[in-house]
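Hi,

Here is the structure I promised to pass on to you. Have a look at it first, and my notes on what turned up follow below.

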Amino acid sequence: MRLLSLAYTYLRVGILNELQYRVNFFIQILQSLIALVVGLIGLWLVFDHTTDLNGWTQPELLAVMGVFILMGGLIRAAIQPNMMRLLDDVQQGTLDFALTKPVDAQVIVSVREFRLWQVVDVILGLGVVVAAVLRLESRFTLPDLLGFLIALALGGVMIYCFWLMLTSTAFWIIRVYELVNLFEGLYAAGRWPVSIYPNWLRFGLTFLIPVAFAVTVPAEALTGRLTPLTLLGAGLLAAGLFLLARLVWRLGVRNYSGASA
Amino acid sequence: MAKIPSLLVVFQRKNKHLPKPIPIIHVARLSKHYQVPVREAGLRQAARALIQRQHRTVKAVDEISFFIHPGEVVGFLGPNGAGKTTTLKMLSGLLHPTSGQVRVLGYEPHRRQRAFLEQITLVMGNRNQLAWDLPALDSFELQRAIYGIPEHEYRQRRDEFIALLDLQDLVHKPVRNLSLGERMKMEIVGALLHRPQVLFLDEPTIGLDVTMQRRIRTFISEYNRRYGASVMLTSHYMADVEALCKRVIVIHHGRILYDGDLSGLVERFSAYKTINLTLKNGPVSLEQYGEVVSQEGSNASLRVPKSETSRITSRLLTEQAVADLTVVDPPIEDVIETVFNQQAEAA
């Protein structure tokens, strides 16, 4: 209860803060629209030559793109900014303040930042998803919607865990800013369903950087391809990654306080 | 160096029927050692260090022991790198001790239990915890959520502190637009909203002008008086220590050099006193009495060995026509500097 109210307070303060900078809102809209147009041109180019891509039809690929934009917005609104601040805190020693608070420090470092204007991408992504679903031949049912929401949430959890582990390496290696570029580059692969990639890359995108679970699996739910087994697998993987990320974080904090020395 | 028992402990021994005061901070043979890589200059050495790292142990804190009782304000003095911050970090749970014992409010700090963390606070003069782009009021709100302070208590404390520090007009401004001193005042308000019982203040007045230092000092003193909180303070400004702390702990090279009254520090480490005198009949030669620090017209200032003070004073009074004479201790800064210099030479 206390943790929820804490997260809510941070969210409220973060939103109030961002509302001061309205120019950013318009810049974000422009940026998001450009990204959308570029994405649509890409799709159009592909389907100029063929009618399906490894079993995915045009509206289905549109759904993948929608999820990609939506998830990207979520990551940049809620996950990435927190992790960047954590990096700064470890470098500058201001993490001390988070560690001397009577609340689990992992919660504090995960909820402090929120970039409201990135929500533009979430809304835009949702719009693309709706447009795609309307053009699908199969009927979109309530279980599909439910599966989609669960898959989306699990994907978000997995990306968060991945980011937290990546950021926690800062406790040992201080300079890890390049990681952001690395992540953005790999996430960009999520624009297409992972099934179109060669096996080795698909494995990496599924289990190392869970882009497959963050984008492709929710898109599978939208297009009626999601099997209960995949969803169960996603649940297990999310739980496993969460435990692993927590372990890495705790080891990092131990190292920070010199407990391991 | 022998540890000087605090006044309370001495008092305790003489009055055995009184309940025993429980120290709020209890440190016994506490040490913190760091392993630091040794690297010599030069490319070849750097390359060799990649494969075979040489380490050296640095004793940042070396078997220190002390007690602090409820409501005490203790100044923690020492040159840079003496081990002050390392000790404060161990006391606030940020660093694990290498060996020895620490108890703060009965807890082992490094376990970082909630009940412990709810009762302490850490202020670092060179680091901010308030969000840069937000008005301080928003950051206070976050503190309220973190500590789960009930709404009415939160408002009452916040307004009390804001009034005491005269911040009414500033709480709505983004923190980045405040001056260094104003920001520090805000930091302190934010750090005390949960009304901690133990305050660890690491250089809270660093870089501030004299007026601002005084305001912060007064506020800390007032907080200590109102709520009976214990304060451990490090500062480079002796004025802070003189105004706030009856007791000081002097630390150097990770070891305690002195623990006791501030006045006792001067008594113990200063070998000299200063005699200021005004003569009735103009300048005369005073070299025979001691080292003449200054002499202007009929005013003069002499530095004399402490043990000789009374003998020289009476000689002056009988042999010269003295209009006024005072004997003073040297400034505390000078004493401290002497202590550290002596130690540096000895080391």
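Between them, chain B and chain A bury about 2,500 Å², and 61% of that area is on carbon and sulfur atoms. Three residues stand out on the chain B side: B:Leu94, B:Leu142 and B:Ile146 supply 23% of the area that chain B buries against chain A, more than any other three residues. In terms of contacts, 26 residues of chain B meet 25 residues of chain A. Please keep in mind that this is a predicted model.

Now to chain A by itself. The secondary structure comes to 11 helices and 2 strands.

On overall dimensions, the C-alpha atoms of chain A fill a box of roughly 60 × 40 × 35 Å along the principal axes. The radius of gyration is 19 Å, which agrees with a compact globule, because a globule of 261 residues would have a value near 18 Å.

How much of chain A is buried? Buried residues account for 50% of its 261 residues. As for contacts between residues at least 6 apart in the sequence of chain A, 81% of them join residues at least 24 apart.

Finally, the surface and the charges. Chain A exposes about 12,500 Å², with carbon and sulfur atoms supplying 70% of that area. Its side chains include 17 positive and 15 negative ones, and the centres of these two sets are 9 Å apart.

Best wishes

Note on methods: Residues numbered from 1 in each chain as written. Chains lettered and ligands numbered in written order. Predicted model: local features only at pLDDT ≥ 70, side-chain atom pairs only at ≥ 80, totals over all residues. Heavy atoms only, no water. Helix = DSSP H or I, 4+ residues; strand = E, 2+ residues; numbered from the N terminus. Rg over C-alpha atoms; globule rule 2.2 N^0.38 Å. Buried < 20%, exposed > 50% of the residue type's maximum accessible area, 1.4 Å probe, protein only. Contact = heavy atoms within 4.5 Å. Areas by Shrake-Rupley, 256 points an atom, 1.4 Å probe, with all protein chains shown as cover. Lys, Arg positive; Asp, Glu negative; His and termini not counted. Charge placed at Lys NZ, Arg CZ, Asp CG, Glu CD. Buried area = accessible area lost by both parts, 1.4 Å probe.
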